[in-house]
Amino acid sequence: SSSFFQQLCGGVDLGVESYPLLGFNGGSSLSLGKVQDVCVGVNIGYNHPLSDGLILKTKLGYNLGTGAGSSGSLSTKSDNALYAKADLEWMIREHHGVNIGVEYKNRNAEVKGKRSGVTESWKSSITTTAFKAGYIYSF
């Protein structure tokens, strides 16, 4: 294995997070909506070669909402996300490889505002785990 592929890198995240909201639409029906927020964060990634053609790639990050991207009468008062990713990348032949990985993300948000004269407050906590597998073709 080559130490050229062993890397430790820091990074910055900038993006938009969306949080689902369930609200009353009239007296008896419900509708699904969303509140969006601009988020900034930091991450650290580490790549480590396990053998020739087999690389472990990991990433850990934290994002914090700014409150600047809220829409509608409800706005985010606080939101954050913590995520972790791990991938195994195996180059089988010169241009062909496979990738398997797992991702974990925990998001928390608090939303407040007034709609139709009623003060609303929502708290959301969402945890997702994803598994992936893919084929790699490099030119």
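Student: Why does Tyr137 count as partly exposed?

Tutor: This is a predicted model, and in it Tyr137 has a relative accessibility of 43%. Buried means under 20% and exposed means over 50%. The value for Tyr137 lies in between, so Tyr137 is partly exposed.

Student: What makes Phe139 exposed?

Tutor: Its relative accessible area is 89%.

Student: Why is the aromatic pair of Tyr137 and Phe139 called edge-to-face?

Tutor: A search of the whole structure finds 1 aromatic pair. That pair is Tyr137 and Phe139, with 5.3 Å centre to centre and 85 degrees between the planes. Ring centres must lie within 6.5 Å to pair, and planes over 60 degrees apart count as edge-to-face. Both conditions hold, so the pair is edge-to-face.

Student: Which residues form the nonpolar patch on the surface?

Tutor: Leu8, Val42, Ile44, Leu60, Tyr62, Leu64 and Leu82 form it, with about 660 Å² of accessible area together. Strands β2 (29-51) and β3 (54-65) each supply at least two of its residues. The largest share, 3 residues, comes from β3.

Student: What makes Val42 exposed, and Asn43 buried?

Tutor: Val42 lies in strand β2, and Asn43 is in strand β2 too. Val42 has 53% relative accessibility; exposed means over 50%, so Val42 is exposed. Asn43 has a relative accessible area of 11%; buried means under 20%, so Asn43 is buried.

Student: How do you know that a polar contact joins the side chains of Asn43 and Asp13?

Tutor: The contact between these side chains is 2.9 Å. The limit is 3.5 Å, so this distance falls within it. Not counting residues up to four places away in sequence, Asn43 touches several residues, including Cys9, Asp13, Leu60 and Tyr83.

Student: Why is Arg107 called buried?

Tutor: Arg107 lies in strand β5 (residues 96-115). Its relative accessible area is 15%, and buried means under 20%, so Arg107 is buried.

Student: What does the side chain of Arg107 make a polar contact with, and which backbone oxygen does the side chain reach?

Tutor: The polar contact is with the side chain of Glu17, at 2.6 Å. The backbone oxygen is that of Ser18, at 2.7 Å. Leaving aside neighbours within four places in sequence, the residues in contact with Arg107 include Tyr19, Asn80 and Ser124.

Technical notes:
Residues numbered from 1 in each chain as written. Predicted model: local features only at pLDDT ≥ 70, side-chain atom pairs only at ≥ 80, totals over all residues. Heavy atoms only, no water. Phe/Tyr/Trp six-rings, centres within 6.5 Å; stacked < 30°, edge-to-face > 60°. Buried < 20%, exposed > 50% of the residue type's maximum accessible area, 1.4 Å probe, protein only. Patch = residues over 30% accessible without salt bridge, like charges linked within 9 Å, V, L, I, M, F, W, Y side chains within 5 Å. Areas by Shrake-Rupley, 256 points an atom, 1.4 Å probe, with all protein chains shown as cover. Salt bridge = Lys/Arg side-chain N within 4 Å of Asp/Glu carboxyl O. Helix = DSSP H or I, 4+ residues; strand = E, 2+ residues; numbered from the N terminus. Polar contact = N/O pair within 3.5 Å; in protein donor to acceptor, adjacent residues only side chain to side chain. Contact = heavy atoms within 4.5 Å.
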